Structure formats: C-alpha cells, structure tokens
Amino acid sequence: MAARATRLWCDIALDWLWRELDSVLPLLRLLAPLAETSTGLAFAGKIEPRKWERFRYYSHRVRSLHHNDSDWDPVTHLISCSLSSDTSLILLATRPAGFGALLQNVREIDWAVSHDIVNLQHALPFVHGSLKRLTITVDEIDIPDDNDAIARFLNTIWAMQVFSLETFGFDIMGVPTEILQSLTCFLQSQPTIKVLEIPITGFAPGSDAAQDLFHQSFTEGLQRLSTAVSFRGPTDYLTRTQTIAKRAPQLQELELSLIGTTWMPSTFDDLTPFLTLSNLEELELIALHGFHLDPGDIVMLGKSFPKMARFDLQPQTRFRTRFGIRATSLIYFANAFPNLRELSVYIESVTDPIQLPWRSEERDSQGQVQALPSFNPSTFQLLTVGTSFLADKDIPDMAELLSVLCHNPSFEIGCVGKETNIKGPTLAWRKVEALVRLVQRADRDEANPYDEWCRALILEKVASGEWPDKSDSSTGSHAYPEMHRMLAVHEIVSNVLRNARSHDQAMAARASRLWCDIALDWLWRELDSVLPLLRLLAPLAETSSGLAFAERIDPHNWERFRHYARRVRFLRYDGSDPDPAAQLSSSGLASDVSVTLLTLKPSGFGPLLPHIQEINWFISHDIVNLQHALPFFSRSLKTLGITLGDVDAMEESDAVARFFNTASSIRGLALDIFDLEMTGMP
C-alpha cells in the first residue's frame, strides 16, 4: 500500500517488501506466468526480453531468499512449489548478455528439498558473490541417482568460487561417501566460514577415510559447529575428536553427535580432546549413555572452560544404562562455572541419604557456614535432569540443595514428561521445583543461618502436605490445584483464556503451573500501552519532559523483560492516555527513554519484541513520542499504524521525516499493511 501511495515512499516500501522472500516463485513470475505440469511448475509462455528489466527492478532488492518445494503455492493453490527440471535452464538461457547476477545483493539463501531432488539445482542461478549464508536441507535420500545429484550440486557451487560464506548449513539424514567427499572439497574452498551446521545422523559404511578428510576441512576461524563423528572404538574416537579440536581452536559453540558402533565414550577421559577449546561457551555432546563425572573431573572442566554458559551431557532417553553425576556434585558445577546459564546432566540414583556438606561444616561466630556455594544468580536459569530418578524420601534434601545453589527467580528444572506426566520421578522433580520457588519467594529469616532456614521452611511445607503427593495427584497445591484432566489440555485452556478478562488471565497464571504459560501468552498478547513493558526493566517517574526511568536498569531485569516481551503480538500506545499505575493524566515519555533502552540492551539480546505483529502508535501531545515506536520494530512486524495530530512546525515535520527514514533502514522489516493518518501533510 505504501509503495502505491506516493512516489516518495515507493522505493523505500519496495525495498522492504522484496527484502526477504519466502519462495522463489514471485521472482519467476516477474518474467512469465507459471503453470502446473506433470514434472512441476514451469513457465507457461515465452519470456519476453522487456520483462528482464522488470525482473532487475525488483530482484536487486532481495537480501534473503527462502524456498521449500513442499510449501503451498497461494497463486495456483497447489500443495507444492516444486519446479520443472527445465526452469533453471530457461532462466539462464534467456537472460540477456551483460545482465549480471540474478540476485546481485542477496546475502542469505535457505533452500529445502523434499519432493524432488531436481529442485536442488534451481538454487544455483541465484548464488552470487554477495552471499554470506547458505543453508541446504534435503530429506532422506534412498536411491543412488539422488546421491549423485547432491554431489553434483556441491561440486558446482564449489567450482563457482564466487562467494565467501560466513555461515553454511547442510541438513541431511545420512551421508554417503560421494556426498561427504564433495562436501569436503566445498568446505576447503570456504576458509571464511564461522558457523558450520551439518547435523549428520549417520555415515555410510566404508566412509572412514572420507570422514577423516571431512573433519580436516574445518576452518581455523570456526566459531560454531554442529556435526557428528562416528567411530568403532576409543582410538577412532580420540583421533577424530582431537582433529576437530585442533582444526577449530576458536570454537565458541560445539554440538557433536557421537555415533559409536561397538563402543561409546562415557568417562572424563573421553572428554579430554575438548579441553583445549578454552573459548567454548556452549558444549552439547550427544552420546547414548552420557558421561560419569567425579568432583575432581568437574573442577578440571571448569578450569578448561572458563566461559562456559551452556553445558549438555544428557544421555539419550531410550537406553537404560545412563551415566551422570551424584547430586552433591552440583556444588562443584556451581563453583567451577561462574557463567553457567544452563546445565543438562543426568543425576545418578540416590542410594544413601544426600550428604549436604554445610550440615557438617563449622560455623563462624554468627552461626553462618563459611561461603555457601551457589550458581551465579544473574545467569543460571535451567537445570535439565532428563529421566533422572528421584525417590520421595530424597525430595527435601534435593530441594534444600537447589535452594542453596540457585537464587535466580527464573530458575526451572527440566525433566522428561514434565508438562504431561504427574507420576513417578517427573512428579518428584516438579515437587522439588515447587519447594525451591517457595524458598525464593519467602521472606528471609535473618536470625537463622540460610541453610537452616531453607531446611526448616522445606520440612514445614512437606509436613503440611500442601503440595502434590505421589500417591494422590489431587492433593491441594498452589502450583498444581485439583482439576479435571480436560483442563490440562492446552487447546481447551487456551480457548477458554483467550476470551477471559485480563484479571482472570492473571489469576489463571498464578493458579497453576500448567496454565501459567498459556495465561501469560494471552495476558501479554495485546498491550494498550508500552508502559508495562518499560516497567519490567525499572520503575518510571514523572519528569518535566514526561515519564522516564526512575533508576538504573538492573542487568538481571532483561531476562524478566524477555520472559514477558516474547509474548507480545499487538502493541498500542497513545501518549495522551492516562497512566493508571502512576495516576497521571498522560503517558507521554521523556525523549531519552528509547536511547536508554537501546544503549543498555545486552549484546546479542535480539529484538525487544521478537514476535510483534501489529503496532498502532498515536501522537497528539508531543511529536518526540513518535520515535519511541522504533525500538519495538522487528522483522515479524506486519501491520503498522501511525496517527499524528496537526504537524505545523518545521521541526515537527522534520521529526516525522526522520522517523520514516529511520524506519526504512531497519533490517528485516517487511510490512503487509501500513496506515498513516495526519490532519496535515507537509
């Protein structure tokens, strides 16, 4: 609509409209209509030479191209976007001499093939030197001809040598030798790759030599790697994992599937190849049985990985034999990893009572245990225990252990079946989580040592029976009230809460953990003001120029902001509306609010509202409030409404113009609907 409304907006609107395409079909239809054939969609008529200028007019705006041959085509109403085999040939053959690249500014191509492997070749005409990210997804291949087609595709893009990728993804179920060899040659030609995602589920028999060459093709500057390594025994395993660590010493994130035939790694010694990767921030090793770690092993891992934020050594759930750590070894994780955000590890079954060390330690003159251990309260949020078994008798001790270690109010325990299973070990871990939250929310008794206060509070709660019991899941609880099983069905609860009043949605969020996320999704889905979002970060106070942050934004509050902001889909703001929280007649904001917001936003935080779909912004009091809409734009935004009062003064006209100039430069913004209302148009 904006592109048609005015010539001043046309180019800007078209730039955003064509910046990111979810299919290649709109590009092809610029040249000629497409019609269904027995082999897929094909050009229905001759491509007229004059249509190539039309193609250039739009195609130079494309930065990101996604195509999946299994997607629905909204024009022909076909359930597939699969193309006829001659489509690329016609495209390249009819391209005028000197035309140049089809997509001269493309930076990202994401191509998925599931219907017909011939569709893979149709990505080639759009590859250009500006390309920085290439992702190829291929469903499982069964016939040799398909393997050959994939290998030829890789050989072709390797031979093109027109681009220097930073990110490459290749997703395929199993990798035959010929594909692995072609993949290796391609990677050797791309020394600039920093992110490599090749989640392989299996290697073909007899591909050992090809696999070794594949691992040796990893670039030194690699920062993120997701792939697999297969082996017959410890020697193969050590050789290949050491090769990976040696070839990519700067890795920050590593996700590695360990595929053994007769032997599987399971001890600390099997982790030693990775100890040289001192920059690792995330490590996930996908092994059948997990890894057994003693306290000394954990200390050594902490020294080797000083930046570790996410550590995942969880065994696969389908195997009975599982290795992990003793419960009290969590103390060593807390001490060894100061930046840990998530820990996923199997807790070995407790055979004897959990021996909490602070119960036997000497206390100081005030009765406090010296230096109680704890995870970093500003970072540690999630402990995933998988299928770890926990007996009812050990619940109080485990709750005390985690209450001492975990002080982050967003702390959660993840376990298999947590959301659906209300029996067995799943229920036990849910009880532990409920008790930890109880401790975190209770008013601290400063008269007693922290650990003793925790233990007393937990035992009192357990004795009262006011929490779920294994033998009777209907036992009263603040977290899990008695309810009919139908009220645990996501779709039913969601349909009920979507039509409820906001007060009732808030009550539902507090009433049950099963309902909490659903209720919060609806409660925060549509906001009539931006002020609740801002108050998640810091209080607001009235100033002479409008509402402003009353105190410094605590870095910890950004995770709280993320927890709620990701639910927002519709945002409305009117600076003339009253502010009920502060009992003010206006919701106008001070000019520095947005600057403060964006300056203090943590690095890598992403969009403030990652799922926003519609923003309606009304300005009548002060034109400066218009700029406060900009921080909430993201690529998910599809509808934008701006309503302005009289814009008479020159400085106000300039402010409006700057707003639209800034909005046009926001990466990834591609609106479907734009509505502008003004009583005057300078």
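S403 is found in helix 12. Helices (H or I, at least four residues) and strands (E, at least two) are DSSP runs, numbered from the N terminus. The model is predicted: local features need pLDDT of at least 70, side-chain atom pairs count only at pLDDT 80 or more, and totals for chains, interfaces and linings use all residues. Residues are numbered from 1 along each chain as its sequence is written, and side-chain values use heavy atoms, with hydrogens and water left out.

S403 is buried, with a relative accessible area of 1%. Buried means under 20% relative accessible area, exposed over 50%, and partly exposed in between (1.4 Å probe, protein chains only). A polar atom of the S403 side chain lies 2.7 Å from the backbone oxygen of A399. Neighbours within four places in sequence aside, S403 is in contact (heavy atoms within 4.5 Å) with L435, V436, V439, Y450, C454 and I458. I395 is also found in helix 12. The relative accessible area of I395 is 1%, so I395 is buried. Its C-alpha atom is separated by 9.9 Å from that of R430, 35 residues apart along the chain.

The protein chain has 21 helices and 22 strands. Of its 682 residues, 48% are buried. Among contacts with a separation of 6 or more, 76% come from residues 24 or more positions apart.

The largest nonpolar core has 137 residues. A nonpolar core is a set of buried Ala, Val, Leu, Ile, Met, Phe, Trp, Tyr and Cys residues joined through side-chain atoms within 4.5 Å. L27, F126 and F168 touch the most other members. Helix 12 (residues 395-405) gives the most to this core, with 7 residues. A second, separate core of 55 residues includes A13, A629, L630 and L644. In soluble globular proteins, nonpolar side chains tend to be buried together.

F168 also belongs to a cluster linked by ring pairs, with F163, F170 and F186. Beyond four places in sequence, the contacts of F168 are L134, L154, L183, F186, L187, I193, V195, L196 and E197.

The structure holds 27 aromatic pairs. Rings of Phe, Tyr and Trp (its six-membered ring) pair if their centres lie within 6.5 Å; planes under 30 degrees apart count as stacked, over 60 as edge-to-face and the rest as tilted. The ring centres of F311 and F333 are 6.1 Å apart and the planes stand at 75 degrees, so this pair is edge-to-face. The pair links distant parts of the chain, 22 residues apart: F311 is in strand 12 (residues 310-312) and F333 in helix 11 (residues 330-336). Both F311 and F333 are buried.

Two arginines sit over phenylalanine rings. Here NZ of Lys or CZ of Arg must be within 6 Å of the ring centre and within 35 degrees of the ring normal. The charged end of R56 sits over the ring of F99, 4.2 Å from its centre. R562 lies over the face of F605, at 4.3 Å from the ring centre.

An open sheet of 5 strands has the order 16-19-20-21-22 and parallel pairing. Two strands pair if DSSP finds at least two bridges between them. Strand 16 (526-527) and strand 22 (673-678) form the edges, each pairing on one side only. Strand 21 (residues 639-644) runs parallel to strand 22 and is joined to it by 6 bridges. I642 stands opposite L676 in strand 22.

Note on methods: Polar contact = N/O pair within 3.5 Å; in protein donor to acceptor, adjacent residues only side chain to side chain.
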